[in-house]
Amino acid sequence: MNFQNGLSLSPHALIAEERGFDPMIGRKLQAGEEAGLLPFLHCVLAERGGQTVLESYGKGTDENWGRPLGEVAFDAGTLHDLRSVSKSIVSLLYGIALERGDVPRLDTPILDLFPDYQDLAREPERKLRTIEHAFTMTLGMEWDEARPYTDPENSEIAMEMAPDRFRYVLERPLVAEPGTRWVYSGGATALIGEILQRGTGKTLPDFANETLFRPLGINRFEWNAGKDGTHSPASGLRLTAPDLLKIGRMVLNNGVYEGRRVIPEAWLNASLRPVVATSEGLDYGYFWFCGQAPVAALGGPTPWFAGFGNGGQRLFLCPKADIAAVVFSGNYNNWMAWIPPTRVWSEIILANLRKAA
């Protein structure tokens, strides 16, 4: 059920027009919401070339990593679950750590980094799984996140409940050759998060704060942890919409923020390229989805990249158009939750682009 009373639209029509958008883009978003075509939206925020062109906040029921928060009136200062958009942020963190020499190269076998589980290495096939296979979710290991996240049989929930989360992931049955089949896996992200923490000697929130958030002026965030105290790299991060958008702008600027390099450009080039086809009609890089959308103003199909999260959370990036957008929603654990943010991105933002900025 949608508890929104409509989105409040900030007056960005003039800036939108200056940046090459239909100045009615905000009204079109509001009309879509009022018509019931865009349910459960909490926030839509978009910018082009560093200037905000669309900013809308609503209200509705929300959660903090599954814990009900009741009805929330959202604004620019409201922390919101990113859910699996967290994975894309973790990808950025690995790029920073790799440049520093704190973490291994991507061709490193994962089991080499978990010496406590050398009994698993007795199966030679397991030693073929590398860090890159984890980033592209092509480990070729059994994993099931098709079940609702309220189901204890969901592999990510089972991992959270396991006495040893990393052994749970690493001992999954092998079902395909590594690198050949994409299977969505929070377990793969859990391995990357642990490799990051072991390599840097810092928790995920501490390393993120030092190397990514603080350089971008992000002062407020939360990072949820499981019962064992392990911060979830797969889904635990909470940020405000403007701060997530700031990260998107930095990525569009090839890893530079206010003249300072934050993310290695080589890492962005590698992680945002399509590596493997998914089962969802998109391609996948290093914890980033890669797709195309028809953009009439740009002459046809145009590449975009995004972090996706349960419930309709999105960070969309379109380098060719220099557009970044954040969508926060409250449609958690609904497999149709992808529809409203996709409509916002393709039918509201990209479709109302008129010309180059």
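What follows is a short chat about a predicted model.

Visitor: What should I know before we start?
Guide: This is a predicted model, in which local features need pLDDT of at least 70 and side-chain atom pairs count only at pLDDT 80 or more, while totals for chains, interfaces and linings use all residues. Residues are numbered from 1 along each chain as its sequence is written, and side-chain values use heavy atoms, with hydrogens and water left out.

Visitor: How many disulfides are there?
Guide: The count comes to 0 disulfides, a disulfide being a pair of cysteine sulfur atoms within 2.5 Å.

Visitor: Switching topic, what about helix 3?
Guide: Helix 3 is mostly covered, since 13 of its 16 residues are buried; helices are DSSP runs of H or I with at least four residues, and strands are E runs of at least two, numbered from the N terminus.

Visitor: What span should helix 3 have?
Guide: At 1.5 Å a residue, helix 3 (residues 85-100) should span 22 Å, and its end C-alpha atoms are 24 Å apart, which agrees; the expected span is 1.5 Å times one less than the number of residues.

Visitor: What comes just after helix 3?
Guide: Gly101, which takes a positive phi of about 80°.

Definitions and conventions. Buried means under 20% relative accessible area, exposed over 50%, partly exposed in between (1.4 Å probe, protein chains only).
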